[in-house]
Amino acid sequence: MSRHHPKDTTLADFAAGTLDEGRSLVIATHLALCGQCRGFVAALEDVGGAMLEQIAPVALSDGASARVLDRLAPRSLAPKAPTAPKIWAADRDELLGYRLGPWRWVSPGLHYRAVDVPAAKDSRVFMLKAAPGLKLPSHLHTGTELTCVLAGAFIHEGGRYGAGDCDDADHDDAHSPVIDAGEECVCLVAMQGQIKFTSILGRMIQPFIRL
Amino acid sequence: MPTVVKGAKSSADLAALIEAVAADQDRAAFAALFDYFAPRIKGFLIRGNTPPAAAEELAQEAMLTVWRKAAQFDRNRAGASAWIFTIARNLRIDVARRDQRARLLDLEVEDDLEQPAPPDALLLAVERESRVQAALQALSDDQMRVVRLSFFEGKPHADIANELELPLGTVKSRIRLAMNRMRELLGDLT
């Protein structure tokens with residue numbers, strides 16, 4: 001059961017289809033793990049449906065209906081698309097259809113893997129894997145950072161974030177996360193702008209992962 | 001079997017038409033859906049700044065998708081209009097970016113962490129629709145306007161600020177308050 005959710009406006013942008021692809025991937029991952037937010041997105045889609053009914057119709061050209069009817073191909077009565085398997089597992093190299101790069105060592109206890117999101121021009125999408133008890137360097141953002149926890153948990157100023165939780169952070173939020181003891185923590189992150197580490201360790205990491 | 005209802009408007013009628021397309025490849029039902037939704041989808045796309053000629057093409061494309069995917073419609077999960085809105089929205093994303101984002105909104109994934117809700121706990125789409133209608137009534141006119149522009153028409157905040165002649169900060173906070181209100185009123189729906 002998720003306890004930390006994306007901002008309402010982030011879910012609304014997702015449901016509207018205006019959220020960039022990298023952040024959409026993080027939200028889709030959270031939704032797969034959070035029935036509450038799925039319900040809200042479904043309600044927003046109902047809002048879209050209600051607005052679609054109320055909109056002033058704009059007539060199509062003459063004969064458009066007949067032309068489309070001519071194009072209707074007989075359909076095989078295929079069953080529904082099969083449900084996808086688990087969204088993510090440690091031994092898989094894809095996430096919701098996106099290819100994952102190899103895990104790379106960043107610093108003691110910290111690994112990083114890129115997520116191949118071709119259209120994520122203004123955001124970087126990656127996974128982080130951190131050892132139990134690890135203190136991540138304190139950092140600030142110049143843009144937004146959207147995180148979904150896939151396994152384990154971390155704790156920072158905003159509380160404890162466990163599997164399924166989403167951290168929808170603005171540029172003015174400062175973070176110094178600590179990984180929960182007992183289990184390694186895997187997160188999916190979409191980050192816009194730059195990350196600014198405030199510690200020496202952080203500045204050492206920075207060029208390495210090009211954050 | 002459901003028969004074609006000319007000028008159908010009720011949610012149940014529209015759902016029955018989609019189900020007729022799904023079950024029987026009912027062309028008359030499809031034609032009725034086309035007459036009702038294609039001009040609305042065209043209007044939707046034009047509002048979102050798609051040029052009219054492209055909107056005309058895309059509206060037809062959306063209706064072909066309705067034909068192809070009709071079997072995926074489930075009236076217990078989504079209202080007919082909401083389902084067709086998602087098709088039009090996904091098409092708008094495809095066109096805007098030619099990327100895979102639309103696919104993310106269309107995913108059916110298995111819950112990893114949660115037990116599925118027992119059937120009696122699932123709120124029927126029709127109940128959700130009426131809750132949504134009530135929630136929309138609860139928004140102020142100003143809030144409704146920004147929700148329509150930003151959520152439905154997909155316009156950037158800066159364009160909305162221009163259109164409404166409001167400071168950008170006002171637009172952002174108004175959208176935020178409207179969405180917080182929606183979440184308050186609808187957040188318990190799962």
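Which residue in β5(A) is the bridge partner of Arg113(A)?

## Strands of chain A

In this predicted model, the bridge partner of Arg113(A) is Met127(A), a residue of β5(A). Strand β5 of chain A spans residues 123-130 and runs antiparallel to β4(A), to which five bridges join it.

Strand β4 of chain A (residues 110-114) also pairs in the antiparallel sense with strand β3 of chain A (residues 104-107), here over three bridges. These two strands, β3(A) and β4(A), form a hairpin with two residues between them, and Gly109(A) in the turn has a positive phi of about 85 degrees. Ser107(A) stands opposite Leu110(A) of β4(A).

## Helix α3(A) against helix α6(B)

On the α3(A) side the contact is made by Ala42(A), Ala43(A), Asp46(A), Val47(A) and Ala50(A), and on the α6(B) side by Arg128(B), Glu129(B), Val132(B), Gln133(B) and Leu136(B). Sorted by class, this contact has six nonpolar, one polar and three charged residues.

## Helix α4(A) against helix α3(B)

Ala64(A), Val68(A) and Arg71(A) of α4(A) meet Gln60(B), Met63(B) and Leu64(B) of α3(B), a contact with four nonpolar, one polar and one charged residues by class.

Definitions and conventions. Residues numbered from 1 in each chain as written. Chains lettered and ligands numbered in written order. Predicted model: local features only at pLDDT ≥ 70, side-chain atom pairs only at ≥ 80, totals over all residues. Contact = placed C-beta atoms within 7 Å. Helix = DSSP H or I, 4+ residues; strand = E, 2+ residues; numbered from the N terminus. Nonpolar A, V, L, I, M, F, W, Y, C, P; charged D, E, K, R; others polar. Pairing = 2+ DSSP bridges.
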